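Please keep the sequence and the structure in view while reading.

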Amino acid sequence: MIRAIIVDDEPLAQEIIETYIQKMANIELVAKCDSALMANQILQSEAIDLMFLDIQMPQLTGIEFLKTLADPPCV
């Protein structure tokens, strides 16, 4: 089972991605995060294999956030 999180500040984008994930039997959605800070908390407490990451977010972009991770999941 692939454990995934969604990191996107737009609720509609989260819903669309979640709909696609629900159609995949081998992906488990662990969390939906509306900021990089929230995602960082999840990544520290859960084993995550896959991250659906928005590029343009307030405060910290997806690319900037990704660069801060020592051992990031697949993106």
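## The nonpolar cores

Leaving aside its neighbours within four places in sequence, M51 is in contact with I5, V7, L43, F65, L66, L69, P73, C74 and V75. The model in which these contacts are found is a predicted one.

M51 also belongs to the largest nonpolar core, which has 13 residues. Within this core, the members that touch the most other members are I5, V7, A39, L43, M51, L53 and F65. Two or more residues are given to this core by each of β1, β2, α2 and β3. The largest share, 3 residues, comes from α2. In soluble globular proteins, nonpolar side chains tend to be buried together.

L53, one of the core residues named above, has its place in strand β3. L53 counts as buried because its relative accessibility is 19%, and the limit for a buried residue is under 20%. Not counting residues up to four places away in sequence, L53 touches V7, G62, F65, L66 and V75.

## The sheet

Which order do the strands of the open sheet follow? The sheet is formed by 3 strands in the order β2-β1-β3, and their pairing is parallel. Because β2 and β3 stand at the edges and each has a single partner strand, one side of each is left without a neighbour in the sheet. From one strand to the next, the twist averages 20°.

The pairing of β1 with β2, in the parallel sense, extends over 6 bridges. R3 stands opposite E28 in β2. Helix α1 packs on the sheet and touches β1, β2 and β3. The direction of α1 makes about 170° with that of β2.

## The helices

Helix α1 covers residues 11-22 and contains E18. The side chain of E18 is joined to that of K32 by a polar contact of 2.9 Å. If residues up to four places away in sequence are not counted, E18 touches I6, L29 and K32.

Helix α2 covers residues 36-45, and its buried residues are A36, A39 and L43. Seen down the axis of α2, these buried residues fall within an arc of 55°, so they line one face of the helix.

What do the buried residues of α2 pack against? Their partners are β1 (2-7), β2 (27-33), β3 (50-53) and α3 (62-68).

## Individual residues outside the cores

K67 lies in helix α3. With a relative accessibility of 70%, K67 counts as exposed, since the term applies to values over 50%.

Q59 is found in the loop between β3 and α3. Q59 counts as exposed because its relative accessibility is 76%. The phi angle of Q59 is near 70°, a positive value in a residue other than glycine. Most residues other than glycine have a negative phi.

M24 lies in the loop between α1 and β2. Is M24 buried, partly exposed or exposed? At 43% relative accessibility, M24 counts as partly exposed.

## Separations along the chain and in space

| Pair | Separation in sequence | C-alpha to C-alpha distance |
|---|---|---|
| K67 and I6 | 61 residues | 17 Å |
| M24 and D54 | 30 residues | 20 Å |
| L53 and K23 | 30 residues | 19 Å |

Key: Residues are numbered from 1 along each chain as its sequence is written. This is a predicted model: local features need pLDDT of at least 70, side-chain atom pairs count only at pLDDT 80 or more; totals for chains, interfaces and linings use all residues. Side-chain values use heavy atoms; hydrogens and water are left out. Helices (H or I, at least four residues) and strands (E, at least two) are DSSP runs, numbered from the N terminus. A polar contact is a pair of N or O atoms within 3.5 Å; within protein, one must be able to donate a hydrogen and the other to accept it, and residues adjacent in sequence count only if both atoms are side-chain atoms. Contact means heavy atoms within 4.5 Å. Buried means under 20% relative accessible area, exposed over 50%, partly exposed in between (1.4 Å probe, protein chains only). The arc is that of the directions from the helix axis to the C-beta atoms. Two strands pair if DSSP finds at least two bridges between them. Axes are lines fitted to C-alpha atoms, for helices over the stretch in contact, and angles run from 0 to 180 degrees between N-to-C directions. A nonpolar core is a set of buried Ala, Val, Leu, Ile, Met, Phe, Trp, Tyr and Cys residues joined through side-chain atoms within 4.5 Å.
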